[in-house]
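Look over the sequence and the structure below before reading on.

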Amino acid sequence: MVSALDVAEYILQQTGVVTTMKLQKLVYYCQAWSLVWDEKPMFKEDIEAWANGPVVRELYESHKGQFDVPKGFIGGDTSKLIDEQKETIDAVLTYYGLLTSQTLVNLTHAEDPWKDARKGIPETARSNNEISLASMAEYYGSLG
């Protein structure tokens with residue numbers, strides 16, 4: 001299975017420079033829609049419900065301290081991605097790619113997978129609770 005870094009690098013190749021926050025949310029939506037459209041996870045890493053929305057810790061560690069992330073910075077290997085995965089990523093970028101970082105944060109905050117993973121936690125409090133693949137598949141699958 002590919003890693004979130006591979007997915008992030010492909011996104012950067014398609015979009016150029018993006019903010020770290022936007023990159024995290026786009027990677028999250030790639031995982032979510034892969035579960036629905038491809039009926040399997042796209043990458044192996046867990047997604048955590050942080051205060052600013054879904055975050056892949058391994059991806060965070062690769063861009064920690066940055067605001068913007070340029071192509072080539074993450075170090076992922078896009079050659080590991082199969083055509084089906086690239087099609088899913090491209091579709092996610094078509095739908096979510098023009099949204100701002102803050103719009104993506106607001107969107108994820110309004111959706112059940114993030115909200116459910118943070119039940120009982122104040123919105124601005126730290127959390128490393130996992131957003132389950134099952135909750136993502138169920139929620140995004142219901143959106144059709």
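## A residue in a loop

In this predicted model, Ile82 sits in the loop that runs between β4 (68-69) and α4. Trp33 is 49 residues away from Ile82 in sequence, and their C-alpha atoms are 15 Å apart in space.

## The helix α4

The 14 residues of α4 should span 20 Å at 1.5 Å a residue, and the end C-alpha atoms are 20 Å apart, so the two values agree.

The buried residues of this helix are Gln85, Thr88, Ile89, Val92, Leu93 and Tyr96. Seen down the axis of α4, the buried residues fall within an arc of 135°, which means that they line one face of the helix. They pack against α1, α2 and α5 (101-109). On the other side of α4, the residues Asp83, Glu87, Thr94 and Tyr95 are exposed.

## The largest nonpolar core

In soluble globular proteins, nonpolar side chains tend to be buried together. Here the largest nonpolar core has 37 residues, and the members that touch the most others are Val7, Ile11, Leu23, Val27, Phe43 and Ile89. Two or more residues each come from α1 (4-15), α2 (20-38), α4 (83-96), α6 (112-117) and α7 (133-143). The largest share, 9 residues, is given by α2.

Which residues does Ile11 touch, not counting those up to four places away in sequence? They are Gly16, Leu23, Leu26, Val27, Cys30, Ile89 and Leu93.

Methods:
Residues are numbered from 1 along each chain as its sequence is written. This is a predicted model: local features need pLDDT of at least 70, side-chain atom pairs count only at pLDDT 80 or more; totals for chains, interfaces and linings use all residues. Side-chain values use heavy atoms; hydrogens and water are left out. A nonpolar core is a set of buried Ala, Val, Leu, Ile, Met, Phe, Trp, Tyr and Cys residues joined through side-chain atoms within 4.5 Å. Buried means under 20% relative accessible area, exposed over 50%, partly exposed in between (1.4 Å probe, protein chains only). Helices (H or I, at least four residues) and strands (E, at least two) are DSSP runs, numbered from the N terminus. Contact means heavy atoms within 4.5 Å. The expected span of a helix is 1.5 Å times one less than its number of residues. The arc is that of the directions from the helix axis to the C-beta atoms.
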